[in-house]
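These are my notebook entries on a two-chain model, set down in the order in which I looked things up.

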Amino acid sequence: MAEVIMPKMGDSMEVGKLLSWRKQNGEQVKSGDIIAEIETDKSNVEIEAEEDGVLQTSVEAGAEVPVGATIATIGGASVATNGTAKSQSSSNGHSAAAVAIPAHDVVAPKPAAVSAAPTKDWGPTVNVKYSHAIRMALEEELNADPSVFLLGEEIGQYQGTFKITEGFLQTYGPDRIVDTPISEAGMVGLTVGAAMLGLRPVLEFMTFNFALVAWDQIINHAAKILYMSGGQFSVPCVLRGPGGVGTQLSAQHSQDLIHWYANTPGLKVVAPATPADAKGLLKAAIRDNNPVIFMEHAKLYGTKGDVPESTDFVIPIGVAEVKRSGKDVTIVTYSRGVVLSLAAAEELAKEGIDVEVIDLRSLQPFDIDTVIKSIQKTHRAVVVQEQWEAYGVAAEFSAQIMEKAFDYLDAPVARVAGAFVPMPYAKALEDIATPHEGDIIAAVKKTLERSI
Amino acid sequence: MAAATKVKAEEASSQGTDADEVINKLSLGNDELLHIYQVMLNVRHFEEQCNRAFRSDKVGGYLHLYIGQEAVSLGVLDVCKPGDQVLSSYRDHAHCIVLGSDPNKVMAEIFGKSTGVSRGKGGSMHLFDKAHGFAGGYGIVGGNVPLSVGLGWALKYNKTDNICVCYIGDGAMNNGAFHESLNMAALYKLPILYVLENNGYAMGTSVERSHANIDLGSRADSYNIPHRKVDGQDYFAVRGAVEEVVGEMRKNPYPYFLDVITYRYSGHGAADGAATQATYRTNEEIERWKQRDPLIVLSNVLRGKGLLDDELNSEMDAKAIELAKAAYDYADHSPVCEPSELYEDVYAD
């Protein structure tokens, strides 16, 4: 008899949802038969029988099952196996991305880590995933403004690589949900040109790494046309998609290049850390009259949080938020760095160290005032980023803090950053190439070693 | 190389456009014909004044003159109507002027003054005039082609009968963005007229030295885009071809590709002098093309119809010189940009 277990599709995946049984309880199955489909945050995965026998299911369809738990047994076979289910992507290799980006860790994080300002008066809220919050913003803006349309690879007929645009093609039609060829320069050109005539395109990069192919269109065109034209042609558009590191996608698919965009005048740059911020900031980005780089994080897609239902919920670009109030050290960060920093802060609290975590939310324009105000209170700062250390966000904020709060500092600003290497595939190497809670904790403690 | 270019010119001209046929078909009146000639003269002398300004150190950066290619701008843009959107490369003065921009403001832009069409922010390579449908000149070879997909998309999305005209040079056709864009233009059936100003050289590299397939128009076949070759020195050849395709494009949006054979007499840029030009082309070749100067080709038609004689020609020429010099003076006397303008228009409100 062989056990079929909920497979672990990524390091931090803890539960998976059993979507449906393809073979019924008591049915005879053959090795290689698809017996079940499970849902992870990035794609649905089909489970194959490893051997011949009678299927005996042990959970109902729709159940959330911990990784490693038995979901069925296959009996009557002569040789027992360890029962590790072989899984295959349900995309059958149709999409390069679905194969290249298999279902990875994204599970609901500890509530404390993503409770975005629960004290706010947001009206009714829903508890949804970050990826769903993005969908909410897109849907609301598509409904509100006929000049908004979406384009990208696999967003329509395929229903979206990450299912964010699932059902949109059927609802909004092919003029507003535009499937594109794998032509990033052409896609961004379409976006920028349409925006020049007053439309509000929202482009999805399957992953933000693909934007590099369109770099000339983004930097030399999108960012500069307003200025070069002496203010005649604004370019109201959003370039969005998942970026970030830490999903074992290796060098070309795993990097945080947000500082490149933030270094370019003419672009606005946003990187939400929570579902609520994702919704509110994306709505602001779509309504903004400038090209906005909206950098999502693949590892945040599955994180959950309360999100206001109101269609008027908009978070202004350029305003940071104190995600955790504290008095001893200020952590300045963005995107997934916020989740890591909040977790680190909880650990440090156990040792009596009270950390303030500032989520920049926008990197261009950025809210230096909130940062300075915090440092005037704590006198210490740690900047956390996933990207390579040199010339990065932390370098910029270290300089800003030095220029604007030098007299308040009791210790040098510390940086937590990725290792200066192309991202290695090997998990053991990737782990040490990317920042973790422990790195943040160490950096915070280092700033506390000195006292004046 | 020179021989190949010569063959190309003869081939194009041997297509034998009958000017009268175009004139009759479009019912172009005598005044209109003379006006076309006047605008072409205006463009020519505007460029001559730009050259003078560059030599007098009034103009910084790069300066790419259009002299020799004038019929390509007029022949296409005379077919445009309000709402049409035009994109160009860095050799963009003529397109802007022919669309109706004030030559004074165009020259002021080239001089880098805040009275310029782009308020001094763009310069020679980045003229923009939204009111006249000029969506800009762009400095990265091939970089304007993806934008055409967006402009064409918006025109169709908004259910207009307008078209986008995208001027490119032969050099742009070897850029990847060109191919992505033409594929998408045809895939989405967008109303974009691609006008290849095939002047034979990408800077100093001839078509023969940079294209494996020198029948450049045929590359549009790859994207299922209809195309034709046109004699770019003959206004009526260009105009006639464009009139034939644009009507259909307005009704049933779809891209079209014109391979317009033309020639620039000046160097790639104003800094591309006789010595550098000698590395890639001969004086004989330039002189041969001057025999088919678009001004000569057009004026011969007008003379043939009894509309133009030496006296009127001189008069019109003098008027064009006067206009161009006035533009020069306007630009020269415009105030320099204020430091306070530096940070204006980085972001839209």
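I listed the buried residues of α10(A) and found A:P275, A:A276, A:D277, A:A278, A:K279, A:G280, A:L281, A:L282, A:K283, A:A284, A:A285 and A:I286. I call a residue buried if 20 or more other C-beta atoms lie within 10 Å of its own, exposed if 12 or fewer, and partly exposed in between, with C-beta atoms placed from the backbone. By that count 12 of the 13 residues of α10(A) are buried, and the helix is mostly covered. Helix α10 of chain A, residues 275-287, reaches 19 Å from its first C-alpha to its last, close to the 18 Å expected at 1.5 Å a residue; the expected span is 1.5 Å times one less than the number of residues. My helices (H or I, at least four residues) and strands (E, at least two) are DSSP runs, numbered from the N terminus.

I note that this is a predicted model, in which local features need pLDDT of at least 70 and side-chain atom pairs count only at pLDDT 80 or more, while totals for chains, interfaces and linings use all residues. Residues are numbered from 1 along each chain as its sequence is written, and chains are lettered from A and ligands numbered from 1 in the order in which they are written.

Next I turned to the contact between the chains, where 34 residues of chain A are in contact with 33 residues of chain B, contact being C-beta atoms, placed from the backbone, that lie within 7 Å. On the side of chain A that touches chain B, the elements that give two or more residues are α5 (184-196), α6 (215-222) and α7 (225-228) of chain A, and the largest share, 11 residues, comes from α5(A).

In chain B I followed an open sheet of 6 strands in the order β2-β1-β3-β4-β8-β7, with parallel pairing; two strands pair if DSSP finds at least two bridges between them. The edge strands are β2 (134-137) and β7 (227-231) of chain B, each of which pairs on one side only. Strand β1 (residues 85-88) of chain B is joined to β2(B) by 2 bridges, and B:V86 has B:F134 as its bridge partner in β2(B).

In chain A I found an open sheet of 7 strands, ordered β12-β11-β13-β14-β16-β15-β21, with mixed pairing. Its edge strands are β12 (177-179) and β21 (362-364) of chain A. Within chain A, β11 (148-152) and β13 (200-204) pair in the parallel sense over 5 bridges, and A:G152 stands opposite A:E204.

Last came the backbone. Most residues other than glycine have a negative phi, and most peptide bonds are trans. The bond from A:Q364 to A:P365 is cis, with omega near -5°, and A:P365 is found in the loop between β21 and α12 (368-378) of chain A.

A:S250, not a glycine, has a positive phi of about 65°; its place is in helix α8 (residues 250-253) of chain A. A:S250 counts as partly exposed because it has 16 C-beta neighbours inside 10 Å.

B:M203, also not a glycine, has a positive phi of about 55° and lies in the loop between β5 (201-202) and β6 (205-206) of chain B. With 15 other C-beta atoms within 10 Å, B:M203 is partly exposed.

Methods: Two residues are in contact if their C-beta atoms, placed from the backbone, lie within 7 Å.
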